[in-house]
Amino acid sequence: MNEVTKLLKVADEELKYISLKDLCEKHNVDLNKLPHTVKILLENIARRVDGKDVKDSDVEALATWPNDKDSSLAFMPARVLMQDFTGVPAVVDLAAMRSAMARNGGDPKAVNPYVGVDLVIDHSVQVDNFGHADSYEKNLELEYERNAERYALLNWAQQAFKDFRVVPPGMGICHQVNLEHLGHVVQKKNGWALPDTLVGTDSHTPMINGLGVLGWGVGGIEAEAAMLGQPMFLPKPIVIGVRTIGSLPTGATATDLVLTLTEKLRAHGVVGKFVEFFGDGLSSLSIADRATLSNMSPEFGATATLFPVDQVTLEYLRMTGRGEKVELVEKYTKEQGLFREDGDVEPKFSEILDLDLSKVVPSLAGPKLPQQRVNLSDARKSFDDNFKVNKNEGKTIKHGDVAIAAITSCTNTSNPSVMLAAGLVAKKAVEAGLKTKPWVKTSLAPGSRVVTNYLKKSGLLPYLEQLGFNLVGYGCTTCIGNSGPLPEEVSKDINENNLAVVSVLSGNRNFEGRVHSQIKASYLASPPLCVAYALSGTFLCDLSKEAIGQDENGKDIFLKDIWPTPEEVHELISSSVSTEQYEYEYGRIFAGDDKWKSMASPKGDLFEWDKDSTYVREPSFFVDLPKDPAPLKDIEGAKIMCLLGDSITTDHISPAGSIGKDSPAGQYLIEQGVKQKDFNSFGSRRGNHEVMVRGTFGNIRLKNQMAPGTEGPWTTHLPSRKQMSIYDASLKYQNENVPLIVVAGSAYGSGSSRDWAAKGTNLLGIKAVLAESYERIHRSNLVCMGVLPLQFKEGESIESHKITGLETFNIIGVDGGVKPGQDLNVEMIREDGSVVEFAVTLRIDAAAEVDYYEHGGILQMVLREMQS
């Protein structure tokens, strides 16, 4: 690539870069016609041509996109982003690999990140305390008490590994910290200028795409491999262009826009594809608005949703205290054809969709999926259509009431327009004499400390606090299921009367059983709507036309009476949000408080495993790992562990929320001497495989057809026909040397990127999953854990093959080796001995994934390579 390597002079520094102009000229391609997504991927592989992972033919195939050449590309991110729920098990794996290296006489320090890693602790704070001035301090205190072992591990990691930084608790959510501070847009690395790219161990990593930085979520296993220098092999990119026109109308927010987009793209079908916005309408969208859209890429199934760099990007960098980066970003992106301006030539895309911003209306999404968008006027009907109960009320709360109203999550709390709008709604409501209904659990959990800075400066924070929206923490809280307990009288009413009550949250996820185990309906909404529903206290109303409450004189107050105008919001943004706020907060982002600084933690190159720990245990994946992998064999005599429907999420497979006392995981903790009040959450215990395997397929809303009439972690063991927990059945099957499979419908593994959904599957003895379709990250995670992802042929399903769950399965064609995308033969033996045969597609999608599967997992392969 020497012929396309040039020098870029920035200030007094000369940096090498791969000239995309010269590269495209070499291949007779119009650079302006390539999507920005393709340009960034092209630069990534062109800079790394080595004949091994990247060949000249790979560069040519991508440079001439979208040709008919079947190719894959070996992508290597510039950095990795992690949060603590997914980051802790990743660190545990790396520590375990170091231990394995030491046991086998190798150098443990060889296990070290190859690229820079930032881990932000944001998933652990729970809303135990709310509605009071000291709620934040009390919740933070509890967070440290519960998670001391996990935080000690992370403190060890930042001293043991090079290029590994930790953002301590109470500083913000990883995606907002990434957007406001960590994202560089263009990086300087070893004398090169290159696009800032990343992968993250959280599915909402694409939020950074709003800043023009290409990044997406991966499982922790894939991220660990990337840290250790393994490229990610991607299929030829499919890029969907979204032509954007118009501007948002009065009354519509960025939240309404993203819910509209989620519904549109999920219906169109963009799973595993890249989405890229273009058109003059982009100039009306702020970076915060763009980031809101990019954030929800996993909700509509896309790998990433990119907004090109433009003048708005440069202004945002200056605003957020990164003005020193602007010269490099502007020069590099303009030189590389990566800078967008109004009137640009339209790139050529795989497909083009149109989005008219002026058509967006106030919306919510629910009650169980982010793509279930409803107009505000239809919200009650949506609830009524989904829920019926025998009894309608308890002493404190009744059917259809709002039990939780939470301003939470990275999606919306990163956006000053909707956060200040929420504050204005609160101010006008207080001035009108409205109050939050007493049964509503309210909370405010911003994505960064900058948010509370500008809420204070605007004078709006006291009004939010008067309505119970006190600061509870800087973290994901309700959106990740860390809602904390409901008030005792509310909880009792719900249980005794089997009430269907509602949570309204400004988050991105509302899957069954995720927000709170007692909440049956969860609706995603903008922060100002969260305030409005807290005031109303019920979902059995039409806020678009019914009164939200009455003032002290009994006069009806409507939503339109307290809803701010765009001019009011923009005026407050101008007067309340400043560069100094970002500079102050991010100047101390890695320091932590006194608790963090004084925390005792292990030192040295090797982590000291505590066999009695219930949080951090050495996993079994690398203990006694054979020098060479075992030969591949067909799967014979397999039984179905789970027979599942459509849209099974990773929350269904590996829940992140509370641990039930009577669950296998709860019983294990009790046996270890842990009291129920100290159970914490599944997410916080991901460093202990004994807890996590017991919680796999443990969601209380899981409907497994192997245990008809039940909800939760139940199955039927065959041939005994005894119903038992999935964990107990797995032990019984493993003692009987019976392999297991999971059979499911479409969109299997949607939702969060959590690697434990695949790790737990592996540890249960499940050898293969057969589904109608997969979400991108979970399919990859299964391969990376040595589990076969199989897919029904088009038009075939559980129903078409009349699968009951009582059959025995042989999966033929694995013996001796597999190839990407090949057909395998399934022999399904019914109870009466009759045999049905059908072909399925092996969803190992790249040659490199064959190696992962042959080794029993990608980390096992990497460790063997290091030890050879």
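The backbone oxygen of Gly484 lies 3.4 Å from a polar atom of the side chain of His516, and that side chain also reaches the backbone nitrogen of Gln518, at 3.0 Å. Pairs like these are polar contacts, meaning N or O atoms within 3.5 Å; within protein, one must be able to donate a hydrogen and the other to accept it, and residues adjacent in sequence count only if both atoms are side-chain atoms. The model here is a predicted one, so local features need pLDDT of at least 70 and side-chain atom pairs count only at pLDDT 80 or more, while totals for chains, interfaces and linings use all residues. Residues are numbered from 1 along each chain as its sequence is written, and side-chain values use heavy atoms, with hydrogens and water left out.

So where does His516 lie? It is in the loop between β20 (502-505) and β21 (521-524); helices (H or I, at least four residues) and strands (E, at least two) are DSSP runs, numbered from the N terminus. His516 counts as buried because its relative accessibility is 11%, where buried means under 20% relative accessible area, exposed means over 50%, and partly exposed is in between (1.4 Å probe, protein chains only). Leaving aside residues up to four places away in sequence, His516 touches Ile404, Ser483, Gly484, Pro485 and Leu486, with contact meaning heavy atoms within 4.5 Å. The C-alpha atoms of His516 and Ile480 are 9.4 Å apart, although 36 residues separate the two along the chain.

Asn209 is another residue with polar contacts to the backbone. Its side chain reaches the backbone oxygen of Gly215 at 2.9 Å and the backbone nitrogen of Thr305 at 3.1 Å. Asn209 lies in the loop between β9 (197-200) and β10, and it counts as buried because its relative accessibility is 0%. Beyond residues up to four places away in sequence, Asn209 touches Leu214, Gly215, Ser294, Ala304, Thr305, Leu306 and Phe307.

Next come the rings. The structure holds 20 aromatic pairs; rings of Phe, Tyr and Trp (its six-membered ring) pair if their centres lie within 6.5 Å, and planes under 30 degrees apart count as stacked, over 60 as edge-to-face and the rest as tilted. Phe75 and Trp216 form a tilted pair, at 4.8 Å centre to centre with 35° between the planes. This pair links distant parts of the chain, with Phe75 in strand β3 (residues 72-75) and Trp216 in strand β10 (residues 214-217), 141 residues apart. Both Phe75 and Trp216 are buried. Tyr748 and Tyr774, on the other hand, pair edge-to-face, at 6.1 Å centre to centre and 90° between the planes. Tyr748 counts as buried because its relative accessibility is 0%, and Tyr774 is buried too, with a relative accessible area of 5%. Ring pairs also link Trp156, Phe161, Phe164, Phe607 and Trp609 into a cluster.

The charged end of Lys334 sits over the ring of Phe339, 4.8 Å from its centre, and Arg685 lies over the face of Tyr615, at 3.9 Å from the ring centre. A charge sits over a ring if NZ of Lys or CZ of Arg is within 6 Å of the ring centre and within 35 degrees of the ring normal.

Finally, the backbone. Most residues other than glycine have a negative phi, and most peptide bonds are trans. Phi is positive in Asp624, near 55°, and in Asn680, near 60°. Is Asp624 buried or exposed? It counts as exposed because its relative accessibility is 71%, whereas Asn680, at 10%, counts as buried.
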